[in-house]
Amino acid sequence: MPKEGEPALTLKELWFRYEKDSPDVLQGVNMQVPMGSIFAIVGGNGAGKSTLLKSICGICRAYRGKVEIFGKNLKKYSNTQLFQGCVTMLPQDPKSLFAKSSVRQELEEMDASASAVEAMAATCQIDSLLDAHPYDLSGGEQQRVALAKVLLTKPRLLLLDEPTKGLDGFFKERFAGILRALTRQGLTIVMVSHDVEFCAEYADLVSMFFDGQILTTTTPHRFFGQNSFYTTAANRMSRCVFRNAVTVGDVMELYERNREGTQ
Ligand SMILES: Nc1ncnc2c1ncn2[C@@H]1O[C@H](COP(=O)(O)OP(=O)(O)O)[C@@H](O)[C@H]1O
Ligand SMILES: [Mg+2]
């Protein structure tokens with residue numbers, strides 16, 4: 001859960017466009033991410049969510065406004081300071097990070113000692129895959145290998161672009177378990193996602209990105225409970241019976257409670 005104190009990330013009036021004469025993708029984005037939280041951003045296709053992540057880590061350079069990471073202006077970080085021990089991004093396609101013929105080599109490439117590689121493999125639950133070829137793995141396994149690889153840079157802020165794309169329910173849950181354990185150790189996570197069920201279940205805060213801006217930021221319960229368009233299947237199906245049930249777990253619990261009440 002978020003801790004008190006300094007936010008991990010602050011965006012102030014951030015503006016970005018790809019070309020001088022092309023439309024603004026970011027139109028004055030304001031956002032504050034509490035330390036140690038999982039912060040989810042949802043929004044339509046082509047809305048600019050990936051661009052937003054890229055402008056947080058400096059791949060896209062905003063032409064107006066400010067990015068502050070752990071209280072320091074992004075512009076004041078050198079690339080080494082930024083990408084070794086501070087910020088990292090897991091791209092939408094994990095395969096784009098792979099160039100070696102075994103998982104172990106992929107991890108060792110990150111200047112990590114053998115013991116650090118083993119420890120990270122345990123954290124990301126890929127111990128049994130170290131000698132496999134990265135391209136022989138399933139989508140969920142590739143995702144965890146890619147996560148292990150970026151985590152070896154020891155980030156304090158992790159950016160995830162559509163992390164559950166192509167994962168089935170089992171792998172999603174496993175992936176979420178790893179993310180939760182990492183935030184308990186102090187990592188802050190910002191993810192953009194289409195996956196409303198995943199955000200409802202695992203995010204601490206959810207933001208709506210629309211029209212180049214962050215519109216609302218609130219808890220998943222408030223966000224999905226009060227939203228008729230961006231909401232979970234559980235909320236859509238139970239809305240006529242329960243107010244603000246957002247996850248399958250919520251519906252089950254309310255159902256049990258009501259059943260007990262009528263017996
Ligand atoms: N490298 C690029 N050059 C020019 N325009 C781009 C580039 N990447 C994305 N865009 C445009 O910026 C807008 C936002 O894209 P993106 O950030 O990928 O949205 P999302 O991740 O929400 O689907 C889209 O109109 C897209 O076409
Ligand atoms: Mg995208």
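A polar contact is a pair of N or O atoms within 3.5 Å; within protein, one must be able to donate a hydrogen and the other to accept it, and residues adjacent in sequence count only if both atoms are side-chain atoms. Welcome to a predicted model, in which local features need pLDDT of at least 70 and side-chain atom pairs count only at pLDDT 80 or more, while totals for chains, interfaces and linings use all residues. Residues are numbered from 1 along each chain as its sequence is written, chains are lettered from A and ligands numbered from 1 in the order in which they are written, and side-chain values use heavy atoms, with hydrogens and water left out.

**Around ligand 1**

- Ligand 1 is surrounded by Y18, V25, G44, N45, G46, A47, G48, K49, S50 and T51, where a residue is near if one of its heavy atoms lies within 4 Å.
- This shell divides into 3 nonpolar, 6 polar and 1 charged residues, with Ala, Val, Leu, Ile, Met, Phe, Trp, Tyr, Cys and Pro counted as nonpolar, Asp, Glu, Lys and Arg as charged, and the others, Gly among them, as polar.
- An N or O atom in the side chain of T51 is 2.5 Å from a ligand oxygen atom, and a backbone N or O atom of G46 lies 2.7 Å from a ligand oxygen atom.
- The protein buries 54% of the 560 Å² that ligand 1 exposes when taken alone (Shrake-Rupley method, 1.4 Å probe).

**The sheet of 6 strands**

- This open sheet runs β6-β7-β8-β3-β9-β10 with mixed pairing; strands are DSSP runs (E, at least two residues), as are helices (H or I, at least four), numbered from the N terminus, and two strands pair if DSSP finds at least two bridges between them.
- β6 (87–90) and β10 (213–218) each have a single partner strand, so one side of each is left without a neighbour in the sheet.
- β6 and β7 (157–161) run parallel, joined by 4 bridges, and T88 stands opposite L158 in β7.
- Helix α1 (49–56) packs on this sheet, and its direction makes about 155 degrees with that of β7; contact means heavy atoms within 4.5 Å, and angles run from 0 to 180 degrees between N-to-C directions of lines fitted to C-alpha atoms, for helices over the stretch in contact.

**The sheet of 4 strands**

- This open sheet has the order β2-β1-β4-β5, with antiparallel pairing.
- β1 (7–16) and β4 (64–69) pair over 5 bridges, and the bridge partner of L11 is V67.
- α1 packs on this sheet too, touching β1, β2 and β4.
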